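Me: I have a structure to look at and would like to learn how to read it step by step. Could you take me through it slowly?

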Amino acid sequence: MTGAPRPWRATILTLYPEMFPGPLGLSLSGDALARGAWSIEPRNIRDHGIGRHRSVDDTPSGGGAGMVLRCDVLAAAIDAALDPDDARPRLLMSPRGRPLTQARVRALAEGEGVIVVCGRFEGVDERVIEGRGLEEVSIGDYILSGGEIAALTLLDACVRLLPGTMGKAASGEEESFEGGLLEYPHYTRPRDWEGRGIPQVLAGGNHGAIAAWRRERALEITRARRPDLLSET
Ligand code: SAH
């Protein structure tokens with residue numbers, strides 16, 4: 001293959017574009033951003049708001065508390081941000097979505113990038129989800145005040161997997177979830193701390209024994225904390 005790979009591209013639709021790249025401008029993701037391994041384009045939904053006040057929301061049809069993001073405003077923002085042939089997945093951060101998994105993160109990181117819509121208020125008018133083919137993605141069973149922190153979470157998980165982003169290339173492959181298991185425990189210096197030592201096997205230099213010990217601990221921790229992961233395969 002020739003030439004530099006095209007950067008992984010994230011387009012974010014939000015009412016708070018100043019939240020991006022935020023924490024992703026620092027550390028490994030920030031270095032990768034500066035190097036051009038990925039790019040981020042926050043777009044303000046309010047630029048497509050209605051009237052003098054650039055209104056983006058309205059009261060829920062049928063009544064109830066809170067406000068709902070208008071489908072026409074959000075669709076205009078999406079249409080303005082994308083080329084017609086843009087094939088990147090269009091995600092809507094939403095507690096109703098399919099929970100994000102490491103497998104999905106890996107698939108997204110291997111693609112061209114993502115388009116992420118960040119909800120606010122009570123959520124978005126259902127019609128724009130259908131009309132613009134948005135896929136709802138949740139980062140967990142709790143409610144955030146907006147989709148921005150959920151989007152940052154998804155981006156962080158993807159960006160760290162981009163080629164050359166991680167400090168040590170190998171350190172992505174042994175982590176929690178990658179083998180369907182939670183990770184084994186880590187230790188470093190000092191050798192003795194507050195009366196606690198380091199498991200003998202780790203000091204022995206027997207790589208086979210160390211690997212076996214780590215796998216056994218990973219199994220034990222997974223069985224105790226997340227038995228659902230073991231029954232998944
Ligand atoms: N009324 C909605 C919650 C709205 S929270 C409900 O009960 O389902 C406001 C916005 O925050 C949502 O539109 C979504 O974009 C974001 N959000 C909240 N919790 C989230 C989660 N767990 N995962 C992803 N996005 C979330």
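This is a predicted model: local features need pLDDT of at least 70, side-chain atom pairs count only at pLDDT 80 or more; totals for chains, interfaces and linings use all residues.

Me: How many helices and strands does the chain have?

Reply: Helices (H or I, at least four residues) and strands (E, at least two) are DSSP runs, numbered from the N terminus. Here the chain has eight helices and seven strands, and its C-alpha atoms fill a box of roughly 70 × 50 × 35 Å, taken along the principal axes.

Me: Which residues come nearest to the ligand?

Reply: A residue is near a molecule if one of its heavy atoms lies within 4 Å of it. There are 19 residues around the ligand, and those that come nearest are M93, G119, E122, G140 and Y142.

Me: Which backbone atoms lie by a nitrogen atom of the ligand, and at what distance?

Reply: A polar contact is a pair of N or O atoms within 3.5 Å; within protein, one must be able to donate a hydrogen and the other to accept it, and residues adjacent in sequence count only if both atoms are side-chain atoms. In this model a backbone N or O atom of Y142 lies 2.8 Å from a nitrogen atom of the ligand, that of I139 lies 3.1 Å from a ligand nitrogen, and that of S94 lies 3.2 Å from a ligand nitrogen.

Me: Which element gives the most to the shell around the ligand?

Reply: That is β5, with three residues.

Me: Is T153 buried, exposed or partly exposed, and what is its relative accessible area?

Reply: Buried means under 20% relative accessible area, exposed over 50%, and partly exposed in between (1.4 Å probe, protein chains only). T153 has a relative accessible area of 35%, and therefore counts as partly exposed, whereas 36% of the 233 residues of the chain count as buried.

Me: Where is T153 found, and what does its side chain reach?

Reply: T153 is found in helix α5, and its side chain reaches the backbone oxygen of I149 at 2.8 Å. The C-alpha atoms of T153 and I139 are separated by 7.8 Å, with the two residues 14 apart along the chain.

Notes
Residues are numbered from 1 along each chain as its sequence is written. Side-chain values use heavy atoms; hydrogens and water are left out.
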